[in-house]
Amino acid sequence: PQIDDRMNIDTVKKYFINCFLLTIPILVWNLVMANKLPKDFQPEIFWKDIPSFLTYGENITRTVVFIFTLLMPLSISTMTQKRGLFIYVGGTILYFASWLVLIYFPNSAWSNSILGFIAPAYTPLFWLIGIGLIGDSFYFNLPYKRWFFILTSIIFLIFHNLHTITIYYRIH
């Protein structure tokens, strides 16, 4: 019985240690900090009158990206995975910084420029590429190709950036 219990714990642990864990700091940041962003980023403005193809495209591809992270074991053992971790950490810091500039300097030239305003929409490219480099397999028997995760992330970011650009041009 003890061996069976240990095998069950190891199996559960194996599936729990996945790349989704890398999204938790991002999700917590978004939950805690979103209401501190300028009013143009608040849901009543940010999601108002967005074309359906953008809304659906953004939300569907975001969901697929997060599902992929759940299906990718988390391991940092190869040089590619170590580079991926470095890119992920740097990208996460850059992403957080893009929010902080908007929060603390909302009237700055940067925050009111298109590049500054949409920075929280394009900086995820770095942490997502990092996750794509960290992942090297799926839990199921389909072959893992990094480009597939990264391409799906890029498609999500295209929709997300178009959404954010739509808001920028609506208010500027």
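**Helices, a pocket and the words for them**

Modeller: Let's start with α9, where P124, W127, L128, G130, I131, G132, L133 and I134 are buried. This is a predicted model, in which local features need pLDDT of at least 70 and side-chain atom pairs count only at pLDDT 80 or more, while totals for chains, interfaces and linings use all residues. Residues are numbered from 1 along each chain as its sequence is written, and side-chain values use heavy atoms, with hydrogens and water left out.

Biologist: What makes α9 a mostly covered helix?

Modeller: Eight of the eleven residues in α9 (124-134) are buried. Buried means under 20% relative accessible area, exposed means over 50%, and partly exposed is in between, with a 1.4 Å probe and protein chains only. The buried residues of α9 pack against α2 (24-33), α4 (52-71), α5 (79-104), α8 (119-122) and α10 (146-171). Packing here is about contact, meaning heavy atoms within 4.5 Å.

Biologist: And what makes a stretch count as a helix?

Modeller: Helices are DSSP runs of H or I with at least four residues, strands are runs of E with at least two, and both are numbered from the N terminus. On that basis the protein has ten helices and zero strands. Buried residues make up 39% of its 172 residues.

Biologist: Why is H160 called buried?

Modeller: H160 has a relative accessible area of 14%, so it falls in the buried class. You'll find H160 in helix α10. Leaving out residues up to four places away in sequence, H160 touches E58, R62, P120 and A121.

Biologist: Then why is N35 called exposed?

Modeller: The relative accessible area of N35 is 56%, which is over the cut-off, so N35 counts as exposed. N35 sits in the loop between α2 and α3 (43-46). N35 and I103 are 68 residues apart in sequence, yet their C-alpha atoms are 9.6 Å apart in space.

Biologist: What about D49: buried or exposed?

Modeller: Exposed, because its relative accessibility is 60%. D49 lies in the loop between α3 and α4. Its phi is near 55 degrees, a positive value in a residue other than glycine.

Biologist: Why are α2 and α5 called roughly parallel?

Modeller: Two packed helices are described by the angle between their axes and the distance between the axes. For α2 and α5 the angle is about 5 degrees, and the axes are 11 Å apart. Axes are lines fitted to C-alpha atoms, for helices over the stretch in contact, and angles run from 0 to 180 degrees between N-to-C directions. Under 35 degrees counts as roughly parallel, over 145 as roughly antiparallel, 65 to 115 as roughly perpendicular, and the rest as oblique. So α2 and α5 are roughly parallel to each other.

Biologist: Which residues make the contact?

Modeller: From α2 come P25, I26, W29, N30 and M33, and from α5 come Y88, T92, Y95, F96, W99, L100 and I103. They divide into ten nonpolar, two polar and no charged. Ala, Val, Leu, Ile, Met, Phe, Trp, Tyr, Cys and Pro count as nonpolar, Asp, Glu, Lys and Arg as charged, and the others, Gly among them, as polar.

Biologist: What lines the largest pocket?

Modeller: The lining has 25 residues, of which N30, R62, Y95, W99 and H160 lie nearest the pocket's centre. The elements giving two or more residues to that lining are α2, α3, α4, α5, α8, α9 and α10. The lining residues divide into 20 nonpolar, four polar and one charged.

Biologist: What makes something a pocket?

Modeller: On a 1 Å grid over the protein atoms alone, a pocket is an open set of points with protein on both sides within 12 Å along at least five of seven lines, a cavity is a set where a 1.4 Å probe fits but cannot get out, and lining residues have an atom within 4 Å of a point.
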